[in-house]
Amino acid sequence: MADPAVASGGSLNAGGRSGSGKAASSPAENYHLARRRTLQVVVSALLTECGFESAEKAAVESLTEMMQSYLNEIGRCAKAYCEHTARSVPTLSDVVVTLVEMGFNVDTLPVYAKRSQRMVITAPPVTNPPVAPKALTAGQKRTHPAHIPSHFPEFPDPHTYIKTPTFREPVSDYQVVREKAASQRRDVERALTRFMAKTGETQSLFKDDITAFPLIAARPCVIPYLSALLPSELELQTLEETDSSEQDDQTDSENTAGNIITDDPGADKENSMLPPSGVVPSVKASEENMIDNPYLRPVKKPKVRRKK
């Protein structure tokens, strides 16, 4: 049978080689790595007690993982039974109930602990558990009042219930607002220019490299002065608003005049609607007075009745 130190040392070397690929830097990684190496030493000692002289690295890792999962399950179930009975610290009875629930015969534990070929390993070095850093500190932490027992959980961190506004006040400086508006306008113009250069026809200053300094190609127009004669969209919108307001005023005045009760109730409606001269203007006369030039002729817009 091989020396126990050799078996345990081989497992330690295997664990050292597995952990040397990525050096642990944080305290949490160092803590878990130390606990893992202790489990590997225990597995190596148990293999030596069973008569094994050597073991493969994959087998030792698998057994270590199985033991770690088994111990984690025992701790989790013991903690659950402890909290189920309104306690915060597990006791021996919680562990016994956990082992019974997992199908382990508790009566065999004293005999196994007093076995003759039991190996004694050195205690692992003391490693402090990692301390979880506080995410945010705001205000002063409150203590329990006199009517709350001390074994109750502590109050949460103050930042969970203290109001912490994170918005910024709007900038009202005239110079800053003007600079921001000019910068936004410049960015919009640059973006539109690039979009038109990529989607439309372009001309280049250099014949060798077409993609360098592209220029938006000028589109030839048959009648160059046509755009100067036609009204712009802003002018059309202004004319529409003016015409619609005048039409509404005229309609309101006609409705008001028609609703007035005259002294003669039997008066003819047609005579009342005639102009003072008594002559109805003809449609032909109005058509003759219209401007023949289509560019100087006023635009006719449909009558739009506004909802009141």
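## About the model

This is a predicted model, where local features need pLDDT of at least 70 and side-chain atom pairs count only at pLDDT 80 or more, while totals for chains, interfaces and linings use all residues. Residues are numbered from 1 along each chain as its sequence is written, and side-chain values use heavy atoms, leaving out hydrogens and water.

## The overall picture

The protein has 10 helices and 2 strands (DSSP runs: H or I of at least four residues for helices, E of at least two for strands). Starting at the N terminus, the order is α-α-α-α-α-α-β-β-α-α-α-α.

Of the 308 residues, 11% are buried, meaning under 20% relative accessible area. Now take contacts (heavy atoms within 4.5 Å) with a separation of 6 or more: 49% of them join residues 24 or more positions apart.

## Where H2 meets H3

Helix H2 (residues 27–49) packs against helix H3 (residues 57–84) at about 110°, with axes 9 Å apart; axes are lines fitted to C-alpha atoms over the stretch in contact, and angles run from 0 to 180 degrees between N-to-C directions. That makes H2 roughly perpendicular to H3 (65 to 115 degrees).

Among the residues making this contact are Leu39 and Val43 of H2, plus Leu63 and Met67 of H3. By class, the contact has 9 nonpolar, 3 polar and 3 charged residues; Leu, Val and Met count as nonpolar, for example.

Conventions:
Parallel < 35°, antiparallel > 145°, perpendicular 65-115°, else oblique. Buried < 20%, exposed > 50% of the residue type's maximum accessible area, 1.4 Å probe, protein only.
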